[in-house]
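Here is a quick tour of one model, with the sequence and the coordinates to hand. Follow along in your viewer as the report moves from confidence to core, helices and cavities.

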Amino acid sequence: MSDSVQHAAGAGRTRDEKRLLASTLVGTTIEWYDFFIYAQAASLVFAPHFFKPLSADAPGVASLLSLATIGISFLFRPLGAVVAGRFGDRLGRKAMLVMTLIMMGSATALIGLLPTYAQIGVAAPILLIVLRIVQGFSAGGEWGGAALMAVEHAPHGKRGYFGSYPQTGVPLGLILATGVLWVISSSTSEEQFNSWGWRIPFLLSVVLIVFGYLVRRLVEESPVFQELLERKAYSSAPLTELFRSSSRGVVLAALIFIANNAAGYLVIAYFLSYGKTLGLSRPTVLAATIVGAVGWLVFTVYSGALSDRIGRVRTFQIGYAAVFVWMLPMFLMMETGSGVMFALAIVVLSFGIGLSYGPMSAMYAEMFPAKVRYSGVSIGYAFGAILGGAFAPTIAEALTQATGSAYAVGAYIMVLSIISIIAVTMVREPRGADLNA
């Protein structure tokens, strides 16, 4: 079935399209809420609760270890990508999306119930890391399925726009996670928040996962995968076939993502601890993060539609150039110690992050053939996350402690931006590629 036929067939199904977009948006928002609430709690409260001996004797080391647990989960994202990719390319996109949602939500809720180091000793950080690994496994399989459900359903000429919807799950998840933390932080004392308040956002995941599950069950399977089934053209060994035929695409996909993911995790996690060192209150830094995430959301949707007009590669190039140019002025603004300037600096950064994230679903889908597409986009994305955001907050914190300045962090992101812009420039513009079997 050609793209034009799909478009004609789908022209009268606006309700189905809305249901699809709502499903990818709601599902990824809940998944990333779960993932990000951990990252923010690791920046704010995990050090004294789960690394208590170090927190008393060497608080800087405890903070680094707490942030490092964010990155540990990324090491298991490729495994999640391989498993979900294998079954997603053989059994369908929809089943994997339901599975990853349940796994992520269950792990998140259990973190909210974990005893602390003071209660069960060294078992506390071990259990925390195990649950974070489950989150990482789930996240590795989630993104590829959501991206393909959106892009493979999209009318011709609107893949970038449709594909931006699962991408907005990141800033929306960040807004939701930060908003919940802000409400709890503002309505409890410091002692109450550190004692039990931090657990509430994790326990709320139970409600969110039920809602997300019900929404995702309503969506039809991807038409591209249905065609694969009808033709019996699905791959019996998608991973082997992927690296035999599309290894260059996997490498480029990973390198394209690293700068965006690293810069994004500055907003998600590092700026929370950095804002405190500048003397800003926790509610102020959380509010600034929410404002920045709104900008990220707007620019993500805008860039998806923009890539349908000017191409994926050009949109990425503009985004990464903006991130590169803004790094040093951003820290100059933040060091004024003004909450308003801190928020404005993040909003400007969100322009570059949004433009280098919104077109990603469409671009990655167009880079891989249908039989190995789930595996290709998931594994490329997962390895890009390891090289980019996995330890970005830890590296940023270590650079700040070692140099006494955040400008070294800016230089670090600038180097990654150069790598990513070279990688995306090596991709032949994929817009308009045939997605069908």
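## Confidence and ground rules

The chain has a mean pLDDT of 85, with 89% of its residues at 70 or more; pLDDT is the predictor's confidence in each residue, from 0 to 100. Over residues 1–13 the pLDDT is below 50, and this stretch has 15 contacts in the model beyond near neighbours in sequence. Contact here means heavy atoms within 4.5 Å.

Keep in mind that this is a predicted model: local features need pLDDT of at least 70, side-chain atom pairs count only at pLDDT 80 or more, and totals for chains, interfaces and linings use all residues. Residues are numbered from 1 along each chain as its sequence is written, and side-chain values use heavy atoms, with hydrogens and water left out.

## The overall picture

In secondary structure, the chain comes to 24 helices and zero strands. Both are DSSP runs numbered from the N terminus, helices being H or I with at least four residues and strands E with at least two. Of the 437 residues in the chain, 58% are buried. Buried means under 20% relative accessible area, exposed over 50%, and partly exposed in between, using a 1.4 Å probe and protein chains only.

Now look at who touches whom. Among contacts with a separation of 6 or more, 87% are between residues 24 or more positions apart.

## The nonpolar cores

Which residues touch the most other members of the largest nonpolar core? They are Phe46, Phe271, Phe331 and Tyr364, in a core of 113 residues. Helix H17 (residues 247–277) gives the largest share of this core, 18 residues. A nonpolar core is a set of buried Ala, Val, Leu, Ile, Met, Phe, Trp, Tyr and Cys residues joined through side-chain atoms within 4.5 Å.

Take Phe271: leaving aside neighbours within four places in sequence, its contacts are Leu266, Val285, Met330, Phe331, Met334, Phe342, Ile346 and Leu349. Another core, of seven residues, lies apart from the largest one, and its members include Leu97, Ala146, Ala154 and Phe162.

## Along helix H18

Helix H18 covers residues 282–310, and Arg282 is found in it. Is this arginine buried or exposed? Arg282 is buried because its relative accessible area is 12%.

Thr300 is buried at a relative accessible area of 0%, and Ser303 is buried with a value of 0%. Beyond neighbours within four places, Thr300 is in contact with Ser164, Gln167, Thr168, Pro171, Gly354 and Gly358. The corresponding list for Ser303 is Thr315, Gly354, Leu355, Gly358 and Pro359. Ser303 and Gly358 are 55 residues apart along the chain, yet their C-alpha atoms are separated by 5.3 Å.

H22 (residues 373–387) has 15 residues and reaches 21 Å from its first C-alpha to its last, close to the 21 Å expected at 1.5 Å a residue. That expected span is 1.5 Å times one less than the number of residues. H22 is mostly covered, with 13 of its 15 residues buried.

Ala47 is found in helix H3 (residues 46–50), and it counts as buried because its relative accessibility is 10%. The C-alpha atoms of Ala47 and Ser66 are separated by 5.4 Å, with the two residues 19 apart along the chain.

The largest cavity is lined by 13 residues, and Val170, Phe257, Asn261, Tyr265 and Tyr381 lie nearest its centre. Helix H2 (14–44) and H17 are the elements that give two or more residues to this lining; H17 supplies the largest share, six residues.

Val170 sits in helix H11 (residues 169–187) and counts as buried at 5% relative accessibility. Not counting residues up to four places away in sequence, Val170 touches Trp32, Phe36, Trp296 and Tyr357. Val170 and Gly264 are 94 residues apart in sequence and 9.4 Å apart in space, C-alpha to C-alpha.

How values were computed: 1 Å grid on protein atoms, 1.4 Å probe; cavity = no way out; pocket = protein on both sides within 12 Å on 5 of 7 lines; lining within 4 Å.
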